Every structure is written in structure tokens, then in C-alpha cells.
Amino acid sequence: MHQCTITLKSPIPYHAPSSQSHPIFPHNPRLTQSQSYPILAPICTRAHSVFNSTRGLDISAPKHTSNSNSNAINGSVHDLKSKSVGVKDIDVATLGNLCVDIVLNVPKLPPADAHDRRAYMDRLSASPPDKQYWEAGGNCNMAIAAARLGLHCIAIGHVGNEVYGQFLVDVLHDEGIGMVGMCENTNVESASASYETLLCWVLVDSLQRHGFCSRADFSKDPAFSWMSKLSEQVKTAIKQSKILFCNGYGFDELPPGVIVSAVEYAVEVGTALFFDPGPRGKSLSAGTLEERGALSQLLRMSDVLLLTSDEAESLTGIENPISAGQELLKQGVHTKWVIVKMGPRGSILITRSSISCAPAFKVNVIDTVGCGDSFVAAIAYGFIHNMPAVNTLAIANAVGGATAMGCGAGRNVATLEKVIELMKASNLNEDDKFLDELLDENLDVQAIKSLSKLVINGSENQPNCVSLQKVVSELLPKLKLTQLQKKVPC
């Protein structure tokens, strides 16, 4: 369980459990009838269908015409390998980590002891949560944020054939995101709890601290351990995507072997890999042989790695985030970018020949949940559109900051309007002293650039400053065009 501090705009009531005995997670209410019906297409796409099978929801991705530059250069989508076959008309596919967040205010956070925590969850589950407290979670955050930037996205993963799964499908559809199910014929009964949509309880105490709990906390095996291979439909989705995004929480759902298969197939068909290990990176590095092997494969084969400074240090043993990023580049086979997220201090993008830095935008932080996922979405936007590194960091910081100004993740992540408003304000949280300290070491790079309101030429290890005004003037037309396209009916 992970805890951090947030401030919610309004409290969400906690319902005292009844005396009736319930399992730790109440049996999900099932759809009363099987149905196959068309889903309305997202803007300027062709409709796709949902198939309610006895093995969960198997959903085909919508067609989409993207305005992204498929001939990008400088370490972006032009590097897709020549062996790749077919048109990559999907911008971003996310792998696994699809869950429904249930956000509740509680008197106390769950205790650390596993037995006590399970008893706590038994009591909490005695009153099934009302739908008003449900929200799309996990990789839905990244997909929604990316779709709002105008990228064509699909979610690859498993959801159950019940109301929670249908809720996720509906939310993704409303955001113009297709879904590809990972479920094929198995010997597991569809009524089994192992086939149900993963629920994540987001619990907020009186001090506005929050913790995450799910059934994955009480099992050594992934939630969907019955999954053993990639379906042909999943392979097709990966092959048609420019980017496959994976994060550490995917290991809570998918077996390491399935994740490795997705990585290997993405490399084979020239799909760029993005990997954000998150807090799970540390535990995976000390996990089972399979987990350690899968983590190593992701770190080595990913085109873009995204980590916080603490996560970079835990994986390399190097405190300086830039030096840690350079070490990850050295260990990587396909790694082009290592991006270090530093919260209110901004972010750094490290390549084999350059360092780019961008301070965060000053915002009124309400809730940090989903900020990292939103940040990743904007990095994907910059990667696909072959934007300069500093521009990519600037829009990522803006999207992450805009999400922090709202309450919660899922449908509450940054809107395009909020991102544009934040960039127009151009209020940077510059910290020259901190940046100077990071660059104080003898860094073996050819170029150092930093986003700043002031423009000066750098010398030696001092950065060349890139004008914020110039970057904003280049980004705003692209964002406003996307905003206009979303408003124009097909």
C-alpha cells in the first residue's frame, strides 16, 4: 500500500458497514443479459463494436485518422524498425493495469499488517459503494490524457463481464478510446473472481492522506494469472500502434511472461516501448526470478523510460538524477530518452548526447493523483510529433500541472482547455540553484538546454536557455488546432 498527501475539494462520505457478513470484495453484480451493440465512434472515427462474451468483454479498437507526423526524426517515431509491416494508425496502446478506482473517505487508513488489512477491507466491503464514487483508474488515466491531446489511443487489457467492466468500457468510449480484450479460451469459469474487473479502493483519511488497496494485495500471483499468452487480436493492436505503454502496476494484473511477450513482439514489429516502473520498480527488482527478468527486459528494450528521481536512484544506486539517467541509457539496448520527473521542480530529458531541463509551472495543487500518468501522455505526444526535447517537457509539465489543479484522476485528468490556459499564463517555478547543483558534476554531454523566461547563452556545463515565450508560441497553435478539430463534427 502506498500513501501520500492530497487535499480534496469536497469530502466523500464513509458508509458504516452493516452487520451482515460479506466477502472482502462483494460479488460483482453481473449484467442481466448478453448483448452485442454498436458503440458510437469517437470524433472523426468509424464505429466499433462491443462483444459481451462469457469470457469477458472483447472490444475491437476504432479506426482513426491521426494528424501525427509518421516521418518524425531525432529519436522519435522515425526510429520504428524497418521490419515493421503495415500502417501504424494507432498512436498509443496501453498494456494492462485497467481498474475501477473507488474513492472513499474513511476514519483511518488500512493498517500495515496484511491480516489486519484484510479484516479492514472485509468491513469496508460490507457496504457496496455507490456508482458516484467509481472512477476509471490505472492506465485509463494515461489513455484519457493522451486522447484529450488528440492522440488516437486504445487500451489493451482485461475487464470482467459485469457492471464494473462495462463502466470502464463506457468511460473509455466516451473519451474516444478503443479497447482490445486479452481474454481467449481458457479452462477458467467466467464467474470466477479471477475474471472480475480489478477494483482499487482509494481511501482518504481525515488528514487527507490516501492509500490504495485491491485484491492484488492479498495474493502472490497476478490478478489475471490465468493469462498465458498474447492473442492474435492483441498482437495486431500492438503492431498497429506507434507506442506501447507499460508501467510497473501492470505486474499486479499480468504474469511476467505475458509482459515479456508483449515487449518482444513490440520490438519485432517496430512499436516504440514506453516504460514507467513507478513505485513497483523497487519491489520488482527484489522480486521473483521472472519479475526481475521482465523488469530487466523492459529497462533494456524500452525506447523511453520515465521515472521519478527516487525511482531512478533505487534502480541505479546513483543519487544525481541526470547521472542515474545516463546510467540507464548505457544499460539500455534501444533506449533513446530517459525522463526524470521531479514534481514541483520540473523534469529532465536525457539522451546519449544531450540534457534538456524544464521547470514546472506554478499551480494551485489540489490532488496529485494521475499527474504522472498525464505527464507520460504528453511525452508520448511530443515523441510522436517529433517536437524538440524542451518543448516536449514543457507540454508534459503543463499537462501534469493541469491535472494537479483538479480532484482525482480518470475523467478528472487535464482537459485541453486547462492545458492551454496554463501555458498562456506561462508562470514557471524556476530554481536555478537546484539546476546548477545537478549540472555541477562533469557530465559527458554535447548540449544542455533549459526552459526559462530569460534567454542567455550557456558555457561549459551551464545550460543554453530556451525562451518560454518561443516554446509556448510553437505549442499553442498545435493545441488550438486539436481543440478546434474536437469541436467540428464529422
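## Words to start with

A residue is called buried when its relative accessible area is under 20%, exposed when that area is over 50%, and partly exposed in between, using a 1.4 Å probe and protein chains only. By that rule, 56% of the 490 residues of the protein count as buried.

The structure above is a predicted model, in which local features need a pLDDT of at least 70 and side-chain atom pairs count only at pLDDT 80 or more, while totals for chains, interfaces and linings use all residues. Residues are numbered from 1 along each chain as its sequence is written, and side-chain values use heavy atoms, with hydrogens and water left out.

## Confidence and overall make-up

The pLDDT is the predictor's confidence in each residue, on a scale from 0 to 100. Its mean over the protein is 79, and 77% of the residues reach 70 or more. Residues 1-84 have a pLDDT below 50, and in the model this stretch has 229 contacts beyond near neighbours in sequence. A contact here means heavy atoms within 4.5 Å.

The protein has 14 helices and 21 strands. Helices (H or I, at least four residues) and strands (E, at least two) are DSSP runs, numbered from the N terminus. How much of the contact count comes from residues 24 or more positions apart? Such pairs make up 77% of the contacts with a separation of 6 or more.

Let us visit helix α3 (residues 163-174). This helix has 12 residues and reaches 16 Å from its first C-alpha to its last, close to the expected 16 Å. The expected span of a helix is 1.5 Å times one less than its number of residues. Because 9 of its 12 residues are buried, α3 is largely enclosed by the rest of the structure. The buried ones are Tyr164, Gly165, Gln166, Phe167, Leu168, Val169, Val171, Leu172 and His173. Gly165 has a relative accessible area of 0%, and its C-alpha is separated by 8.2 Å from that of Val100, 65 residues apart along the chain. Gln166 is buried as well, at 9%. From Gln166 to Thr197 there are 31 residues in sequence and 9.4 Å in space, C-alpha to C-alpha.

Helix α11 spans residues 389-404, which makes 16 residues, and its end-to-end reach of 23 Å is close to the 22 Å expected. Here 15 of the 16 residues are buried, so α11 is largely enclosed by the rest of the structure.

## Partners from elsewhere in the chain

Strand β16 covers residues 304-308. Once neighbours within four places in sequence are set aside, Thr308 is in contact with Val340 and Lys341. Thr308 also has its C-alpha 5.9 Å from that of Met342, although the two are 34 residues apart in sequence.

Gln326 sits in helix α9 (residues 321-331). With a relative accessible area of 16%, Gln326 is buried.

## Two residues with positive phi

Most residues other than glycine have a negative phi. Asn97 has a positive phi of about 55°. Its place is the loop between β7 (90-95) and β8 (98-105). Asn97 counts as buried, at 8% relative accessibility.

Asn386 also has a positive phi, near 55°. This residue is found in the loop between α10 (371-384) and α11. Asn386 is partly exposed, with a relative accessible area of 22%.

## A look inside a cavity

On a 1 Å grid over the protein atoms alone, a cavity is a set of points where a 1.4 Å probe fits but cannot get out, and lining residues have an atom within 4 Å of a point. Grid points are joined across faces, edges and corners, and a volume is the space filled by probe spheres set on the points. Counted this way, there are 3 cavities of 30 Å³ or more.

The second largest cavity holds about 40 Å³ of space. Which residues line the second largest cavity? They are Leu95, Cys246, Asn247, Gly250, Phe251, Leu254, Ile259 and Leu298. This lining has 6 nonpolar residues, 2 polar and no charged. In that sorting, Ala, Val, Leu, Ile, Met, Phe, Trp, Tyr, Cys and Pro are nonpolar, Asp, Glu, Lys and Arg are charged, and the others, Gly among them, are polar.

Notes: On a 1 Å grid over the protein atoms alone, a cavity is a set of points where a 1.4 Å probe fits but cannot get out, and a pocket is an open set with protein on both sides within 12 Å along at least five of seven lines; lining residues have an atom within 4 Å of a point.
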